[in-house]
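This briefing sets out selected features of one protein chain, grouped by topic. Please read it alongside the sequence and the coordinates shown below.

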Amino acid sequence: MTEMLARDVAAVHRALDAGGDEVQVSLSRETAELLARVVDARARGQQVLLTRGHAEVTPSEAAELLGMSRPQVRKLMDQGVLDFRMVGAHHRVRVSSIRAFLDAERPRRWAALGELADLQDELGLTE
């Protein structure tokens, strides 16, 4: 895959070097799918975070990425759910830890949404 990505990135740079407002480039399907996910997220107004291997963020930035309050993030850090390290007196949360938390939470959230939907049906709140 690395070879394919190297070829694709070279093609993108050649196309961008040509100038103009529109770019035509031929990419592998995998690269095109990756770009489509990024563009889809931006089109929905979502933020896209691209990081290198061991990127770290502040608790406030982690809160924004997780869609929760900074105090809730600190609680997760204190409980050992989110890995962090101290840089002087400041906390830094690994982006990989945030991703792991989100991946672990996804099944629990789906189950909770299913229970909520069942409850709505039971109470006759759905049309």
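**Briefing on a predicted model**

On one side of helix α1, the residues Thr2, Glu3, Arg14 and Asp17 are exposed.

**Helix α1**
- Helix α1 covers residues 2-17, a run of 16 residues.
- From its first C-alpha to its last, α1 reaches 22 Å, close to the 22 Å expected at 1.5 Å a residue.
- Just after α1, Gly19 adopts a positive phi of about 80 degrees.

**The buried face of α1**
- Asp8, Ala11 and Ala15 are the buried residues of α1.
- Viewed down the axis of α1, these buried residues fall within an arc of 60 degrees, so they line one face of the helix.
- An α-helix has 3.6 residues a turn, so residues three or four places apart point the same way.
- The cover over the buried residues of α1 includes α2 (29-43).
- Thr2, Glu3, Arg14 and Asp17, which are exposed, lie on the other side of α1.

**Domain assignment**
- The protein chain is assigned domain 1, at residues 1-44, and domain 2, at residues 56-123.
- The centres of domain 1 and domain 2, taken over C-alpha atoms, are separated by 31 Å.

**UniProt annotation**
- An unreviewed UniProt entry lists residues 58-104 as "domain: Helix-turn-helix".
- In the model, the span of residues 58-104 is 57% helix and 19% strand.
- The end C-alpha atoms of residues 58-104 lie 21 Å apart.

Definitions and conventions. Residues are numbered from 1 along each chain as its sequence is written. This is a predicted model: local features need pLDDT of at least 70, side-chain atom pairs count only at pLDDT 80 or more; totals for chains, interfaces and linings use all residues. Side-chain values use heavy atoms; hydrogens and water are left out. Helices (H or I, at least four residues) and strands (E, at least two) are DSSP runs, numbered from the N terminus. The expected span of a helix is 1.5 Å times one less than its number of residues. Buried means under 20% relative accessible area, exposed over 50%, partly exposed in between (1.4 Å probe, protein chains only). The arc is that of the directions from the helix axis to the C-beta atoms. Contact means heavy atoms within 4.5 Å. UniProt positions are given in the numbering used here, feature names are shortened, and annotations may be inferred rather than shown by experiment. Domain bounds come from an automatic or database domain assignment.
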